[in-house]
Amino acid sequence: MSYAATHDQHDDHHGAPKGFFQRWCMSTNHKDIGTLYLIFSLTMLFIGGSFAMLIRAELFKPGMQLMQPYFFNEMTAMHALVMIFGAIMPAFVGLGNWMIPLMVGAPDMALPRMNNLSFWILPFAFLLLLSTLFLPGGGPAGGWTMYPPLSLQSGSLAYAVFAIHLMGISSIMGAINIIATILNMRAPGMDLMKMPVFVWSWLITAFLLIAVMPALAGAVTMLLTDKYFGTNFFNPGGGGDPVLYQHIFWFFGHPEVYIMILPAFGIISEIVPTFARKPIFGYKAMVFAIACIAFLSFIVWAHHMFAVGLPLGAEIFFMYATMLISVPTGVKVFNWVATMWGGSMTFETPMLFAIAFIILFTIGGFSGLMMALVPADFQYHDTYFIVAHFHYVLVTGALFAIIGAAYYWMPKWTGNMYSEFWGKVHFWNSVIWVNVLFFPQHFLGLAGMPRRIPDYNVAFANFNMISSIGGFLFGATQLIFVGVLIHCAFFSKKKATDRVWEGAKGLEWTIPSPAPHHTFEVPPVINDDELAHGHVND
Amino acid sequence: MGQQHDAYFVPAKSYWPFVAAVVMFTTVFGAAHWLNAEPGETGFGKSVLIIGVIGVLGMFFGWFRSVINESLAGNYNSQVDTSFRMGMMWFIFSEVMFFGAFFGALFYIRMFSVPWLGGHGHGVLTHEFLWSDYTAAWGANGGNGPEQAGGAFRTVPAWGLPLLNTVILLTSSVTVTIAHHALRAGHRGKILLFLGLTVLLGATFLYFQAHEYIEAYKELNLTLHSGVYGSTFFMLTGFHGMHVTLGTIMLAVIWLRVLKGHFNKDHHFGFEAVAWYWHFVDVVWLGLFMFVYIL
Amino acid sequence: MTSGGIRRSFTAAAALALASFGSVALAAPGPWQLNMERGASTWSPVPYHLNNVSLAVCTVIGVLVFGAMFIAMFRFRKSRGAVAEKWSHNTTVEVVWTTIPVLILITLAYLATGGLTTWADTTGSQMTVKVTGYQWKWRYDYVDYMGKSIDKVGFMSKLDTRSDQTRQLGSGMDPFAVKVGDENTYLLDVDKPLVVPVDTKIRFVITSGDVIHSWWVPATGWKIDAIPGIINAAWANFTTPGTYRGQCAELCGQDHAFMPIVVVVKSKADFAKWLAEQETPSAAPAPAPQTAQVAAPVAGKQG
Ligand code: HEA
Ligand code: HEA
Ligand code: CUA
Ligand SMILES: [Cu+2]
């Protein structure tokens, strides 16, 4: 163990290395890689969002205005794939990269080089995926779920499949890294039960990722061989079954949706105590609830398949299991409210987004619970009611939490305060327009408008127009967000203190703002009152 | 957690990750372009694929060489070692889940889709209206579905080559363990001998597997197209075969590293990682032997 | 709230009343419709009531939870000099708000399970219709009626020409102008509807000729996937004669939006007459087409 060897490796010891390629493409620094992830995710949000704008534009009024149906289907599938694998997941990984080492007092991620690989796979994967739009075969147009036999008709299936393989590899390596960091890199005294809830949520999410990403890889591999190598997995004539694909896909797919919400739960559990100036209510219950949700997420997948003609017993089992998830989720919601109760609250932008999250995610959860009731789902299934449900949990859930996190930690990243005024403008526009955008979709679904259609009966005209207007304005609002980010990073005159927020607790607030290039190279000494959640012995 | 007083090793900036991303992209792009090429046309896909694969191999070589050098330079304290161990264990777990998908498919097909097509349980109407002359069965008579996809075929008897291969892999597991103990005890000669044996056993397994495939195609008309039976048979054994190949190569590399004296009794993660991997491959095979060959 | 907003919510409220009470048998979706329709079959009230009950339950819970939160946000704000308390734990309330949801869920599960079991039971049906989905149209074959089998009645059913012309990109035609009587039927009308008798337990056996489709007429209260190589069964017993419209509900390619479903429910007598006409040789059934494209128009013309 020669110190020398350890040292000369650290030629970039103080401050970042010079040179663009050197710093960004060869990085082994969790902060730089985190930044890369976040920038990538924002880019993808805009690409996926532009697709969504096209969707909303075509649906603005009945009749085909702008595009051929096939292109519309490409937009639908791509919008979802880009948003899920390009915007939401990388955003969480980016936040994890930046904050987890700071929160547990680690010098960096456990496997820094692999960390860089996990990131750099992504741009190439999406290059591959998006390129299909310009190929003769056309892009995937069978929805993001890619059900066979339809997906087997897609000309350039191989590109999509390999792109998904790459994304899977990236996520798995990222997850392994996060687990190793949390389990092996914590500063002495940072026991598991003293970790911030955000770290806990990521530990469990990482486990989910490693468990289900390979299943997705397997499913799409079978698509690949069925199309190009003449296997019969999904062909009844050869003894297979198209429904088999759906089982494997949703065995991945349902945990996937929790992969997109658990870190959000973590973020909310950081923001709320800070601005309520009161430790999180029921820390242990919060951690336990996340674990419960993760466990249950493995035994509910067929609630996406109530209409494929499952045996009665299966329908009943999956209905009950699905309903159960409401209980731990409820515990979380209640605990957030209880954290605010008796606090001393202020309402800076991160808190506003957190509060919006609690209300709107819960609404999304409610519609989810309604869909869990099989007979009702026979009507809801594949209508805009579903679309409304998952945008409430994904946009006002996952995305709002990410935006909130950005406002919450940005001062620590950049060393500057963002403009509170413009932050609030961004918030109020987002929260109003997102509801104009997605709430009417509940009505459309109940009235019987199927999803994944480019044109509809005139009875659906009114609400679609309202929804589209909301969509355009919500989209435009996100330009404000970019403005705030750029201003904060480069132009803001207002320097951030180390603590940044009066009520902020946890290791990440004990280091200077902006966070130096290398932190905690000597493990910090943990002082329990500094911990995000106070003494959690009770 | 991090009790050591020497700093955790954070490697300097490295170009290998970026290179890795590029070559992986090249590989899959080539593969995709190749698969999508029209029957007649000869795209550039194939050549790109080959370049990509070569690139990947080169990348692994370069990356691991730098890792080995760091390891020899003594940069890796026990905490770094733990990170590596966790990394390897969770990687193997992800592999387990990957095979899980295919075993899951196998079970679903054998327990549900085939019986249902044959009119059992939930499948009464499916059978009555669509496949009324199909009697559900696995293996040679029915395993390729109502349309007899791929034509009549015969299955590989479990008690021939497969049994032999089982014995081979089990022994190889033993030999690798002996080598491990030898390593702990520090008998280099013994390590080299038993590790070498393990490599040879792996190679023989692959030889027999290849033989079995050829026979399946030539004599038994059991092909990838033989309905779901063929699909599951070749996908499962095929993916397992790839893993054995990989494992054998890794074992060979470790053998060389032992020869070069890279390991000592309390610092040999590389060896253990590969040993774990080998045991994993072994366990998967037992599953295969059970559910693909015997039952 | 803007005056426009007020007016909108007014219309909305009115429509809600309409949708939830006036919906004896909504034949097709209406403008501003806010809620699920009750449907027109013996089973269709099940999802309708489940929907209303669960919605009500969720609304109540929502009001309580959000209410509590807003009170907290008002009472415990720093600007009002609130000082943060130190507690972060309380076992009793935690137990309470874990058990109450469980009880609520048990009730909902009970209701749902009952409805589901009746739905799953296709026994004792007096008629069987085979439904086959194709890209992008439906085929109906009458299998048996009142115990005796029917072999010559079967036909294709695809989007009506008027809608089809209107929906072409840049057709310049007005979707609002596509009507049957005073009903807007844009994309919800077909050349040859499925005809069935009222007050009859009809078993639908559903499959597909190419990719997965989903046969959905909201008036029946259910939808079920049409899967190639697999038969799914479901039943409906219509309570009132009329014309009921639905659509394919599983993405099946470029024209997924353009393969509607129309079911005409006739009195038993009228249905018998219609069936007799169909069985006369003049209307020999069109063979099921090999690929989705061929033979469809032919099938469309007859009858
Ligand atoms: C972040 C993502 C996310 C999250 C968190 C959820 C959460 C839930 N989802 Fe959702 N879901 C999706 C993303 C998500 N979903 C997506 C993307 C799809 C569509 C996929 C596709 O087809 O493309 C989908 C589809 C989907 C379906 C399939 C519908 C269909 O296609 O027919 C169902 C059915 O059961 C369902 C149910 C649920 C349930 C019960 C929850 C529960 O976890 C919700 C629990 C939360 C609450 C209930 C609110 C808070 C609780 C309380 C306040 C306690 C008290 C409340 C009660 C006792 C009622 N979801
Ligand atoms: C994962 C997260 C996620 C996110 C964040 C979003 C965000 C949005 N989604 Fe998405 N959506 C899905 C996941 C997501 N969606 C999934 C999984 C599906 C199912 C797909 C399937 O059926 O297979 C789906 C499907 C889906 C549909 C149904 C399509 C169909 O069934 O045919 C619609 C329709 O309205 C829609 C709309 C939107 C809109 C308007 C947004 C907005 O929130 C987007 C806002 C963001 C921007 C607009 C980008 C930023 C701004 C600009 C680009 C500037 C330019 C714009 C203007 C100036 C106006 N989405
Ligand atoms: Cu047929 Cu959608
Ligand atoms: Cu789900």
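Start at the iron atom of ligand 2: its six donor atoms subtend angles of 88 to 178°, so the arrangement is octahedral. Donors are N, O and S atoms within 2.8 Å of the metal (3.2 Å for Na, K and Ca). Six donors count as octahedral if opposite donors are over 155 degrees apart and all others between 65 and 115.

This is a predicted model, where local features need pLDDT of at least 70 and side-chain atom pairs count only at pLDDT 80 or more. Residues are numbered from 1 along each chain, and ligands from 1 in the order in which they are written.

Next, select A:His79 and A:His391. Each coordinates the iron through NE2, at 2.0 to 2.1 Å. A:His79 sits in helix α4 (residues 69–104) and A:His391 in helix α15 (residues 384–414), 312 residues apart. Helices here are DSSP runs (H or I, at least four residues).

Are these two buried or exposed? A:His79 is buried, with a relative accessible area of 15%. A:His391 is buried too, at 14%. Buried means under 20% relative accessible area (1.4 Å probe, protein chains only).

Now look for polar contacts, pairs of N or O atoms within 3.5 Å. Pick A:Arg56: a polar side-chain atom lies 2.9 Å from an oxygen atom of ligand 2. At A:Arg452, a polar backbone atom is 2.6 Å from a ligand 2 oxygen.

Finally, show the shell. In total, 35 residues surround ligand 2, each with a heavy atom within 4 Å of it. Helix α3 of chain A gives the most, with eight residues.

Terms used: Side-chain values use heavy atoms; hydrogens and water are left out. Four donors count as tetrahedral if all angles lie between 85 and 135 degrees; four count as square planar and six as octahedral if opposite donors are over 155 degrees apart and all others between 65 and 115; anything else is irregular. Helices (H or I, at least four residues) and strands (E, at least two) are DSSP runs, numbered from the N terminus. Buried means under 20% relative accessible area, exposed over 50%, partly exposed in between (1.4 Å probe, protein chains only). A polar contact is a pair of N or O atoms within 3.5 Å; within protein, one must be able to donate a hydrogen and the other to accept it, and residues adjacent in sequence count only if both atoms are side-chain atoms.
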